[in-house]
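Q: Can you walk me through this one? I have the sequence and the coordinates open.

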Amino acid sequence: MNYSGKIFTAAAALVLCCSNIFAQEQNPQDTTAAPKPAVSENAPMYRNDGAPRLYHIRNVNVHGVQYLNPDILKSSAGLIEGDSIYLPSNFISNAISRLWSQRFFSDVKIGAEIEGDSLDLEVFLKERPRVYNWEFEGISKGKKKDLLEKLKLKRGSELSDYVIDKNQKLIKQYWAEKGFRNTEVGVRIDNDTLRPGQAVTVTFLIDRKSKVKIGKINFTGNERFPDKRLRRTFKKTHQKSINFFMGAKLNEATTRTTRSC
């Protein structure tokens, strides 16, 4: 069978029984734009049969990358020019998994142009949008500045579910330490009008709710000391007094420290 000049793309497995092979992994909600490569990334589906055959990797071409180093990406994915590989095998699917694990991309495809016993690997990537502004709603300007410094949010970093989820948890933890243990944090993502799909503004929508107050401190198993004396050991954690204007916020870190004394 003559494979010269044929193009295929693959994901989970690769076979050589048909001239064109297609597969990909992507997030349909991500609209990051990528330059159109000279080699087409679209090809028909394949049949899962054929015997493994040894091929020499002649070239590895990376398409769609604007911010990342293509040479580093090729190395991290194990796509090395000059190596020899068997196809079909797990080689392509493993390379795709390595690229996905970096969390930089919303779409990953790998294909090849075969010529005899040699091939050129074509890597089609779609980078995630970059965050050019981090904003907060529902809190004061002073707290916004404090959160920006605490979370170490930087402009130009890539947008990913991991980054959003991590910072939502950190924001909740920040307010929990101040007594707002029921804080809710939503997220709004707006595309940059000049660079749609490439740059976004992420806004954290913060609703602190009410502070959690300590109504009463009870002791169980104490027979030697008066409860009043034990309560004095809680230097910073007090039950609510008859003075309704005095706060008695719950600070979990202080409570744990007192218990260990």
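A: A residue is buried here if its relative accessible area is under 20%. By that cut-off, Trp134 and Phe204 are both buried. And this is a predicted model.

Q: How confident is the prediction, what's the mean pLDDT of the protein?
A: The mean pLDDT is 76. Of the residues, 64% reach 70 or more.

Q: Where does pLDDT stay under 50?
A: Residues 1-37 are one such stretch. The model still has 118 contacts beyond four places in sequence for residues 1-37. Residues 43-48 are another, with 19 such contacts.

Q: What should I do with coordinates where pLDDT is low?
A: Low-pLDDT coordinates should not be read in detail.

Q: What is Leu79 in contact with, leaving aside neighbours within four places in sequence?
A: Val60, Lys74, Phe91, Ala95, Ile110, Leu121 and Val123.

Q: In what sense do β5 and β6 pair?
A: Antiparallel, over 10 bridges.

Q: Switching to the open sheet. What's the order of its 4 strands?
A: β8-β7-β10-β9, with mixed pairing.

Q: Which strands stand at the edges?
A: β8 (157-158) and β9 (184-191). Each has a single partner strand, so one side of each is left without a neighbour in the sheet.

Q: How do β9 and β10 pair?
A: Antiparallel, over 8 bridges, with β10 spanning residues 199-207. Ile189 stands opposite Val202 in β10.

Q: Which strands does helix α3 touch?
A: Helix α3 (residues 141-151) packs on the sheet and touches β7 (130-137) and β10. The α3 direction makes about 140° with that of β7.

Q: And α4, what does that one touch?
A: Helix α4 (residues 161-176) also packs on the sheet, touching β7, β8, β9 and β10. The α4 direction makes about 30° with that of β10.

Q: I see Asn167 in α4. Buried or exposed?
A: Asn167 is buried, at a relative accessible area of 2%. Leaving aside neighbours within four places in sequence, Asn167 is in contact with Leu151, Leu153 and Phe204.

Q: Phe204 again. Why do its ring and that of Trp134 count as stacked?
A: The centres of the Trp134 and Phe204 rings are 6.1 Å apart and the planes are at 5°, so the pair is stacked. Planes under 30 degrees apart count as stacked. The two are 70 residues apart, Trp134 in strand β7 and Phe204 in strand β10.

Q: And how are the planes of Phe136 and Phe204 set?
A: They are at 25°, with 5.8 Å centre to centre, and this pair is stacked. Phe136 is in strand β7, 68 residues from Phe204. Phe136 is buried, as is Phe204. Ring pairs link Trp134, Phe136 and Phe204 into a cluster.

Q: Last topic, backbone. Which peptide bond is cis?
A: The one from Leu87 to Pro88, with omega near 0°. Pro88 is in the loop between β4 and α2.

Q: Which loop holds Arg103?
A: The one between α2 and β5. Arg103 is not a glycine, yet its phi is positive, about 65°. Arg103 is partly exposed, with a relative accessible area of 41%.

Q: And Lys152, what's its phi near?
A: Near 55°, a positive value in a residue other than glycine. Lys152 lies in the loop between α3 and β8. At 64% relative accessibility, Lys152 counts as exposed.

Conventions: Residues are numbered from 1 along each chain as its sequence is written. This is a predicted model: local features need pLDDT of at least 70, side-chain atom pairs count only at pLDDT 80 or more; totals for chains, interfaces and linings use all residues. Side-chain values use heavy atoms; hydrogens and water are left out. Contact means heavy atoms within 4.5 Å. Two strands pair if DSSP finds at least two bridges between them. Axes are lines fitted to C-alpha atoms, for helices over the stretch in contact, and angles run from 0 to 180 degrees between N-to-C directions. Buried means under 20% relative accessible area, exposed over 50%, partly exposed in between (1.4 Å probe, protein chains only). pLDDT is the predictor's confidence in each residue, from 0 to 100. Rings of Phe, Tyr and Trp (its six-membered ring) pair if their centres lie within 6.5 Å; planes under 30 degrees apart count as stacked, over 60 as edge-to-face and the rest as tilted.
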